[in-house]
Structures are given as structure tokens and as C-alpha cells.
Amino acid sequence: MLDVAIVGGGPAGSMAARALARSHDVLVIEEHPVSGVPMQCAGLLTERTISMSGVSPDIYARLTRAKVLFPDGSEILLEPDNTFACVVDRTDLDRRMAEAAMDAGAEFRYRTAYKSHTFSGCNVIDTTGGEVRSRAIVGADGHSSKVAASLGGNLPREYIRGIEADVAGTWESPDTLTIRMGLETAPGFFSWEMPCGDFTRVGLCTSWEYGPPYQYLMRLIDRVSPGARILAKYSGKIPLGGRRAMSGDGCILTGDAAGLVKPVSGGGLYPTFKTGPILESVLSEALEADDLSARRLSRYDRECMKAVGRELRHGYSLRKRLVRMSDEDICYAAQLSRRESISCHLKGIDLDSPSGVIKEILKDPRNIPPILKMAVRFRP
């Protein structure tokens with residue numbers, strides 16, 4: 001009988017495994033041959049988030065500027081005082097985090113897929129490698145989590161589709177992130193171009209109703225760099241808006257499986273890492289008390305919402321407004337952001353907690369009328 005079985009050997013699962021393995025018997029069940037493959041993330045992380053991972057992954061580039069392009073051809077250049085993000089090798093990050101969990105004592109069982117589980121005092125887990133029994137199960141199995149589905153009626157509010165490609169050569173300055181807005185480029189989201197040394201990672205997401213995003217990606221590449229040589233492609237989907245529950249009898253969710261994803265950027269590592277200590281504390285205390293009931297574990301949901309809920313709620317509210325905007329509306333918002341009373345705050349935007357910059361902008365009375373006008377016009 002294991003103390004904890006963790007489904008998923010990505011960053012969320014490895015972080016939980018590393019923390020829990022210090023004092024518990026932990027098994028990580030991962031369907032792929034290694035952690036980090038296939039890659040399904042752009043790899044844009046702040047230095048804070050990298051530090052929270054507990055490892056030092058390879059870094060392709062340190063970004064000090066961001067250029068945002070709008071449908072009418074206008075642009076805004078953001079130049080923070082310091083490095084605002086790094087482009088990391090996500091495969092390397094995932095691998096290093098799995099190795100750190102193994103060093104802490106966790107066992108990893110690769111090429112083994114979770115099928116289902118039942119809980120009656122303990123978890124009986126059906127996998128392609130046979131039956132596993134554990135006192136607790138942690139669902140870290142990503143956007144289409146089967147463990148999350150076991151809690152019943154637990155889908156995220158929405159999915160968006162993402163695709164990106166590594167393209168030979170450098171499209172922009174080696175320290176500049178390029179973002180493009182507009183319905184022709186990435187309806188319901190935005191595109192990105194990130195320098196990675198001798199290649200550029202270009203990608204985008206679209207709202208689900210616009211269909212597969214492949215056509216938008218190829219159109220973007222053909223427009224910006226005709227004839228570009230594509231080295232690799234990656235795709236996946238991202239859950240937004242959270243889930244109904246992040247815990248149940250004998251079960252806790254983390255990462256994309258828990259809906260811990262920033263709605264504006266689609267990034268999930270920062271909220272996952274920030275709530276990691278909560279998972280360790282709640283589950284360790286429940287194991288010690290030999291009480292893994294849903295009622296006991298529900299403290300995890302409450303504590304996570306205290307830690308990141310406000311940012312996720314505000315982010316999703318902003319997203320719901322953005323998806324209602326036409327290209328003309330987006331360009332009007334860009335025009336507003338060029339006001340000195342607003343632009344002076346944008347250079348301090350924190351990618352981990354982007355809603356904080358809106359709070360700073362609203363401290364200036366001059367900004368309240370136009371911001372409220374847009375907020376009311378595009379309210380969900």
C-alpha cells in the first residue's frame with residue numbers, strides 16, 4: 001500500500017512528488033517514456049517561476065522588451081527595467097524536475113497509463129501496468145485529466161487550442177518578445193514570437209469555436225517569414241476558467257488537471273508552483289490523521305483560492321471581455337494604453353500577476369472613465 005500515487009510526470013506531478021516523497025512512499029505514473037516529451041508549452045517563464053521550480057533549466061533567451069502589434073499596424077513597445085521573462089527549454093525543465101523528485105525518493109513508472117480508480121478507504125487504481133493501491137491519489141494528468149473527470153461534472157469552463165512551431169533563424173531582436181493581436185491572426189487570444197538563439201518559437205492560441213489553429217499559424221509564418229524552414233511543431237489545448245472541484249475522497253488535483261491556469265496568458269506553472277506547498281501541507285496532514293475524506297481535503301480548494309483565486313477570477317473576467325472585442329475595439333484599447341497616465345504603468349507589468357497593473361492604472365482618476373466605459377461595454 002503506497003501513501004500517494006501521482007498520475008502525471010510533468011512539472012505539476014514532479015513538484016508534488018518531490019515534496020511528498022521526503023516523508024511518504026510516492027509513485028508517479030506517467031504514460032510517456034520520459035518526462036517532458038511531448039512538449040506542449042511555449043516555455044515563457046519569469047525568473048520567479050524558474051526559481052520556484054527548484055531546478056535550473058537551460059535558458060534559450062532572456063527577454064527585456066515586448067512588442068505588441070495591433071490589427072491596424074500600430075504597435076506598443078514595453079521596456080521594463082529588468083528581465084521580465086525567460087524562454088526556457090521546457091523538455092529540460094520537466095526532466096530536471098522529475099530527476100529532483102527521484103532524488104527525493106519518489107519512484108517513477110514510465111510507459112504506464114492511468115485508466116480509472118475507485119476509492120473505498122483506499123484508492124484502487126487500474127493502469128496499463130496492473131493494479132496500484134494507494135491511500136491518496138494526486139491528479140497531475142494535464143488538460144484532459146481523467147482523474148479530474150472521476151470527480152464528476154468537473155470540466156473546465158472552456159478550452160482553447162494552441163499550436164506553435166520552431167522556425168530556423170531569428171525574426172526579431174534576441175531580447176524581444178513579439179505579440180500580435182487580432183481576429184485574422186489569433187481569434188480569441190494572441191500570437192507570440194520568441195527568440196531562442198538560432199531559432200524562433202512562433203505560436204498562437206484560438207478560441208475553440210474557430211476550429212483547429214493550424215491554418216492561422218501557417219498564415220502567420222508565411223506573412224512574416226515566407227519560405228521559413230520549420231524545425232518542429234507542437235500542439236495541445238489549455239483549460240481556462242477553473243474546475244468545479246480540486247479535491248474529493250482520497251483525491252487532490254494540481255496543475256492543468258486542477259484548472260490552475262492563468263486565463264490571460266494560458267500559463268499554468270506559476271499558480272501550480274505557488275499552490276504546491278498547500279498540496280503538501282493538506283495531504284501530509286490528512287495522511288497523518290488517516291482521514292482522506294472529501295470534507296478534510298476540501299481545505300486544499302479553499303487555501304488554493306486564497307492564494308491564487310483572485311488573480312484567476314480577475315483574469316477570466318478580463319478574458320471574457322477580450323473575446324467580445326472586434327479588431328476595431330482592440331485598436332481603440334491600444335490607443336488608450338498609449339496615454340502617459342496608462343503607459344507609465346505597463347512597463348511594470350508582472351507576467352505572473354498581470355491584473356496588478358490594472359489596479360495601479362485605476363489609482364489615477366484620469367484613467368477611470370475610459371476604463372469603466374470599456375468594462376461596461378464588454379461586460380460578460
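This is a predicted model: local features need pLDDT of at least 70, side-chain atom pairs count only at pLDDT 80 or more; totals for chains, interfaces and linings use all residues.
Me: Why is Asp 3 called buried?
Reply: Buried means under 20% relative accessible area. Asp 3 has 13% relative accessibility, so Asp 3 counts as buried. Asp 3 lies in strand S1, residues 2-7.

Me: What makes the pair of Asp 3 and Arg 135 a polar contact?
Reply: A polar contact needs a pair of N or O atoms within 3.5 Å. The side chains of Asp 3 and Arg 135 make such a contact at 3.3 Å. The side chain of Asp 3 also reaches the backbone nitrogen of Asp 25, at 3.0 Å.

Me: Which residues is Asp 3 in contact with, leaving aside its neighbours within four places in sequence?
Reply: They are His 24, Asp 25, Ser 134, Arg 135, Ala 136 and Leu 287.

Me: How do you know that Glu 47 forms a salt bridge with Arg 62?
Reply: The rule asks for a side-chain nitrogen of Lys or Arg within 4 Å of a carboxyl oxygen of Asp or Glu. Here the closest N and O atoms are 3.1 Å apart, and Glu 47 forms a salt bridge with Arg 62.

Me: What does the pair of Glu 47 and Arg 62 tie together?
Reply: Glu 47 lies in helix H2 (residues 47-53) and Arg 62 in strand S4, so the pair ties together parts that are 15 residues apart in sequence. 

Me: Why is Glu 47 called partly exposed?
Reply: Partly exposed falls between the buried limit of 20% and the exposed limit of 50%. Glu 47 has a relative accessible area of 43%, so Glu 47 is partly exposed. Arg 62, at 43% relative accessibility, also counts as partly exposed.

Me: What sheet has S4 as an edge strand?
Reply: It is an open sheet of three strands, in the order S3-S7-S4, with antiparallel pairing. The edge strands are S3 (44-45) and S4 (59-63), because each pairs on one side only.

Me: How do you know that S4 and S7 pair?
Reply: Pairing takes at least two bridges. Four bridges join S4 to strand S7, residues 85-88. Ala 61 has Val 87 in S7 as its bridge partner.

Me: What makes Asp 92 and Arg 95 a salt bridge?
Reply: The limit is 4 Å. Their closest N and O atoms are 2.4 Å apart, and the two residues form a salt bridge. Both are in helix H3 (residues 90-103), three residues apart, so about one helical turn separates them.

Me: Is Asp 92 buried or exposed?
Reply: Asp 92 is buried, with a relative accessible area of 5%. Arg 95 is partly exposed, with 36%.

Me: Why is Lys 306 called exposed?
Reply: Exposed means over 50%. Lys 306 has a relative accessible area of 65%, so Lys 306 is exposed. Salt bridges that share partners elsewhere join Asp 58, Asp 92, Arg 95, Arg 96 and Glu 99 into one network.

Me: How many salt bridges are there by this rule?
Reply: The count comes to 21. One of them joins Lys 306 to Glu 303, with the closest N and O atoms 3.6 Å apart.

Definitions and conventions. Residues are numbered from 1 along each chain as its sequence is written. Side-chain values use heavy atoms; hydrogens and water are left out. Helices (H or I, at least four residues) and strands (E, at least two) are DSSP runs, numbered from the N terminus. Buried means under 20% relative accessible area, exposed over 50%, partly exposed in between (1.4 Å probe, protein chains only). A polar contact is a pair of N or O atoms within 3.5 Å; within protein, one must be able to donate a hydrogen and the other to accept it, and residues adjacent in sequence count only if both atoms are side-chain atoms. Contact means heavy atoms within 4.5 Å.
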